[in-house]
Amino acid sequence: MNDYLFQAAISNACTALVLALLALVAGALVRRPHLSYLLWLLVFVKLVTPPLFQIPVPGLVADSAVPASRPGESSSPQPLADYELALSGSHRSEPPLLTESGRSFQELWLQAKPLLTGLWILGSGLVMGWSLFRVIRFNWLLRTSSRPAPATMQAAAQRLASRMELEWLPEIWLTSARISPLVWWVGGKVQVVIPQVLLDELDEDCWQWVLAHELAHVRRRDYLVRWLEWFAVACFWWNPVVWWAQRNLRASEELCCDGMVLSRLKPNCHRYADAILKTLETLVCPSFRPPAMASEINSGGILERRVVMIMSGNVLKENSRLLKTCLLGFALCVFP
C-alpha cells in the first residue's frame, strides 16, 4: 500500500509539473489570464485525483520484479513444465536480475520507507491541524467583530450583483477588525467581509468598486477553489509545485476578477485602480492575517501587473466556448 501511495504521488507530481510548465508558457505567450487560471486549476485537480499512468521508479517496483519462493519449495526448474513448454514451442521470460546498485537502492528504500511515510503523514497532519485551527479562530473573530452592512452598502451590493449577473446575493458584513476585504465560506452562506475602516476613510465611489471586486470572486466560485487548494497543500506539502501553482493560480484569479469588473460594470479605469490602491494603502498593516481559505483582494502579489492592466483599459477576453471544449478534452486525457 505504501509503495502504491508513493508511486501515485510521484506520478502525479511529474504530471502536475508538466501542467504547471504548460500554464506558465501559456501565460507568458498568450497572455490570457482566464486560460492560465484554468490550466493552473488543472494542476490542483490532477494532484488530488488518481494517476492516469505510473512512472516507473527504481526501488518501488524492484521488490516485485523477482517473485519470492515459498518455504519448502525448490528453486530448481520443474522437468514436466519445461517439457510442456518445449512441446508448445513457447519460452518463459526470466525476470530481470537486479544489479548491485539496484539491490543497494532497494535495501535503502526498504529502510527509509517507514520514516518517509511517517514524515509525510505527520507533515500533512500538522498542516491540516494548524490550518483548521486558524479557520476556527478566524471564523470566531468574524462572528464577534462583524455586523450586517448598512442599507446603503446592501443596496449597492444588490445593484452590482444584478449588473454582474450574479443570481444570488451573498451576505455582506462589516467588521471592526483591520483585515483585507475578502470572501469567506466555511459552509452555509457565502460572506463578503468589508472592514469598517474603508467606510470611514474612503468615499462611496471607492468602496463600491472594492465590493464589486469581491462579488466577482463570488460570481466565479473562487471560495470553492480555496478548499481544493487547502486539500492539495495539506496532502502534498513537500511538493514545491503545489506552492508555486497556488501563487500563480491566485495571481491569475485576481486578474480575472479585475477583468470581470471592467467588462461587466465598465467603471472609469483610473477610479477603479485608485480604489484598489487606496484600499491596500489603508490596510498596509493588517492586524490579523486571514487563513488560506479567504479570497482576499490582494492575493497573488502582482499589484503592479494588475494596475498596468487596469490602466490600459484593455478588457480581458474570456475563454470562448471552443477553447473551453478543447480544455475539457485535454482534461479528459489527463485525468482518469
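Thr282 is buried, with a relative accessible area of 11%; buried means under 20% relative accessible area, exposed over 50%, and partly exposed in between, using a 1.4 Å probe and protein chains only. The model is predicted: local features need pLDDT of at least 70, side-chain atom pairs count only at pLDDT 80 or more, and totals for chains, interfaces and linings use all residues. Residues are numbered from 1 along each chain as its sequence is written, and side-chain values use heavy atoms, with hydrogens and water left out.

Thr282 is located in helix H10. Helices (H or I, at least four residues) and strands (E, at least two) are DSSP runs, numbered from the N terminus. From its side chain, Thr282 reaches the backbone oxygen of Lys278 at 2.7 Å. Setting aside residues up to four places away in sequence, Thr282 touches Arg178, Val197, Leu198, Glu201 and Leu202, where contact means heavy atoms within 4.5 Å.

The chain as a whole has 12 helices and 5 strands. Of its 336 residues, 46% count as buried. Among contacts with a separation of 6 or more, 80% are between residues 24 or more positions apart.

In soluble globular proteins, nonpolar side chains tend to be buried together. A nonpolar core is here a set of buried Ala, Val, Leu, Ile, Met, Phe, Trp, Tyr and Cys residues joined through side-chain atoms within 4.5 Å. The largest one has 44 residues, and Met153, Val192 and Leu211 have the most contacts inside it.

Beyond its neighbours within four places in sequence, Val192 is in contact with residues including Ile172, Trp173, Leu211, Leu215 and Val218. A second, separate core of 27 residues includes Ala23, Leu39, Phe44 and Trp120.

Leu17, in helix H1 (residues 2–29), is partly exposed, with a relative accessible area of 36%.

Definitions and conventions:
A polar contact is a pair of N or O atoms within 3.5 Å; within protein, one must be able to donate a hydrogen and the other to accept it, and residues adjacent in sequence count only if both atoms are side-chain atoms.
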